[in-house]
Amino acid sequence: MLIKKSADILSSEITDKRTYLSRREFVETAMGIVGAAAIMPGLLLPGAAQAGTRLTGVRPASPRAPFGTDEERTPYEDVTHYNNFYEFGVEKEDPALMSKNFRTRPWTVTVEGEVNKPAVYQLEDFIQPHTLEERIYRLRCVEAWSMVIPWVGIPLADIIKRFEPTSKAKYVEFTTLHDPAQMPGQRRAVLKWPYVEGLRIDEAMHPLTMLAVGLYGETLPNQNGAPLRLVVPWKYGFKNIKSIVKIRFVEKQPTTAWMVAGPSEYGFYANVNPDVDHPRWSQGRERRIGEFLKRKTLMFNGYADQVASLYAHMDLKRYF
Amino acid sequence: MTQQEWIERVIKPTLFVVCLIPLALIAWDAFNNHLGANPIEKIMRRTGDWTLRFLLITLAVTPARQLLNLPWLIKLRRMLGLFAFFYAFMHFTNYIWLDQFFDVDEIIKDVIKRKYITIGFASFLLLIPLAITSTNNMVKRLGGKRWQKLHKSVYFIAIGGVIHYLWLVKKDLGDPLIYAVLLAILLGYRVWQRQRKKSLEKEQVAMSPVRSG
């Protein structure tokens with residue numbers, strides 16, 4: 001699936017020097033690993049070598065909103081070393097350090113619930129029928145910081161159609177891998193494991209919603225949710241569940257991990273909304289990573305034209 | 001050198017330099033671009049951590065000198081307390097300047113609406129009179145008793161500081177709880193001491209008529 005005819009140059013391939021240098025460093029490390037593996041093939045972990053592999057056959061991002069943006073992209077180094085991924089520790093630096101040996105192959109995705117075609121897919125078969133495309137989205141964390149990230153992935157709607165959801169499929173529930181042996185953060189009850197997230201079916205089918213397998217033209221680094229993660233750019237970052245192993249179609253609204261952790265702080269919808277404050281963070285402004293002054297947060301993270309109609313008759317203060 | 005000279009000429013200057021190391025490390029990391037993707041948040045965390053640490057260290061002086069029988073440690077307490085204030089001031093300045101960039105409206109809203117900021121802000125304000133009255137001159141002007149009474153407010157300030165941290169973290173309470181436990185031990189020691197003193201006094205009162213008779 002990943003090997004197709006070569007594509008046009010992705011905008012993400014034109015990188016700044018800092019990124020370029022950090023990537024060169026990575027390549028050198030990777031060469032070292034590959035070199036060692038050539039001598040001792042047994043040492044090469046099946047998953048470990050995958051991260052940072054260049055994806056081919058990717059349809060480049062549209063330069064225009066909403067699927068692209070001319071805003072400056074957050075450097076690769078920052079995108080991959082400032083992460084909230086509690087399965088690998090609660091500090092921002094933890095996921096990059098603790099996920100180094102995380103195995104993302106083999107990987108299966110279970111599709112179940114209200115669908116005509118429930119199945120357990122190998123990741124390759126899950127992705128294979130689709131063309132990968134690049135999307136440059138803003139990401140707004142509930143902690144009042146934001147990034148601009150060139151994702152590579154597939155519109156979730158295209159994938160969902162394959163499973164033929166029934167009329168009872170009102171919501172989609174996603175589950176992260178639960179494997180405390182590999183995910184040291186899960187050895188402590190910081191959240192109720194495994195991490196669960198959910199979308200209303202119309203949100204899941206929305207053209208902006210995607211399942212990402214890469215960023216900056218390469219396979220997802222483990223700390224960014226390899227091998228498969230959700231990207232919903234008009235919602236707070238925690239909705240973008242990482243390392244997905246299960247997609248379940250259900251009739252009732254799922255209870256997400258953060259709803260369990262703090263029902264008064266985290267709602268099911270979690271739409272970016274500058275007018276509805278979180279008890280701990282004003283949501284009116286945000287710090288774009290790499291910038292000094294805070295900027296105003298936009299309604300639905302700047303995707304209001306595309307998604308506001310989904311919530312036309314809802315009190316967003318109540319359904320936060 | 002007498003013990004007095006040793007403390008004044010060697011121990012105090014050394015301690016002063018040591019207390020500046022956390023600041024030097026923050027400056028070094030900032031200079032070398034080692035503060036990560038969100039340097040302002042990082043400076044916030046590190047100055048906040050060191051404020052709490054210095055508060056706890058300052059509160060540890062009394063138990064340490066009594067338990068280890070090192071009465072001269074009291075001579076270092078003022079400097080340690082002032083460093084707690086110094087790092088709190090850095091933390092506060094970072095918030096006002098780098099984080100909010102003097103946006104008064106936002107700051108007022110923050111202080112009123114976010115309870116962790118309310119209590120942190122209040123604790124910082126309460127530290128100011130303690131810093132101002134830390135000189136020998138002020139001790140004399142206030143008189144030992146009143147000065148001591150005023151400076152007992154450091155107990156509430158430390159509690160406020162720990163609650164500030166507890167309310168700030170999203171989910172993992174591990175780090176703030178470590179501070180909470182240490183503070184509980186330090187304050188518990190004082191309660192225990194007071195109880196012991198009281199019961200000793202009672203005993204003496206009970207014994208005195210026997211002695212006089």
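Reader: How many of the 5 residues in strand β6 (residues 196-200) of chain A are buried?

Author: Strand β6 of chain A is mostly covered, since 4 of its 5 residues are buried; a residue is buried if 20 or more other C-beta atoms lie within 10 Å of its own, exposed if 12 or fewer, and partly exposed in between, with C-beta atoms placed from the backbone. Strands (E, at least two residues) and helices (H or I, at least four) are DSSP runs, numbered from the N terminus. This is a predicted model, in which local features need pLDDT of at least 70 and side-chain atom pairs count only at pLDDT 80 or more, whereas totals for chains, interfaces and linings use all residues. Residues are numbered from 1 along each chain as its sequence is written, while chains are lettered from A and ligands numbered from 1 in the order in which they are written.

Reader: Which way do strand β5 (residues 171-176) of chain A and β6(A) run, parallel or antiparallel?

Author: They run antiparallel and are joined by 5 bridges, where two strands pair if DSSP finds at least two bridges between them. Within this pairing, A:F174 stands opposite A:E197 of β6(A).

Reader: What joins strand β11 (residues 285-288) of chain A to strand β4 (residues 145-155) of chain A, and what does β11(A) form with β12(A)?

Author: β4(A) and β11(A) run parallel and are joined by 2 bridges, with A:R287 of β11(A) as the bridge partner of A:W145. Strand β12 (residues 295-296) of chain A runs antiparallel to β11(A), again through 2 bridges, and A:R285 has A:K296 in β12(A) as its bridge partner. β11(A) and β12(A) form a hairpin with 6 residues between them, and A:G290 in the turn has a positive phi of about 100°.

Reader: How many helices and strands does chain A have?

Author: The secondary structure of chain A comes to 8 helices and 12 strands, and 43% of its 320 residues are buried.

Reader: How is the packing of helix α3 (residues 74-99) of chain B with helix α5 (residues 115-132) of chain B to be read?

Author: Two packed helices are described by the angle and the distance between their axes. Here the axes of α3(B) and α5(B) come within 10 Å and cross at roughly 140°, the axes being lines fitted to C-alpha atoms over the stretch in contact, with angles running from 0 to 180 degrees between N-to-C directions. α3(B) is therefore oblique to α5(B), because angles under 35 degrees count as roughly parallel, over 145 as roughly antiparallel, 65 to 115 as roughly perpendicular and the rest as oblique. On the α3(B) side the contact is made by B:G81, B:L82, B:F85, B:A88 and B:F92, and on the α5(B) side by B:F124, B:L127, B:L130 and B:A131; two residues are in contact if their C-beta atoms, placed from the backbone, lie within 7 Å.

Reader: Where does B:H34 lie?

Author: B:H34 lies in the loop between α1 (3-31) and α2 (39-67) of chain B, and is exposed, with 12 other C-beta atoms within 10 Å.
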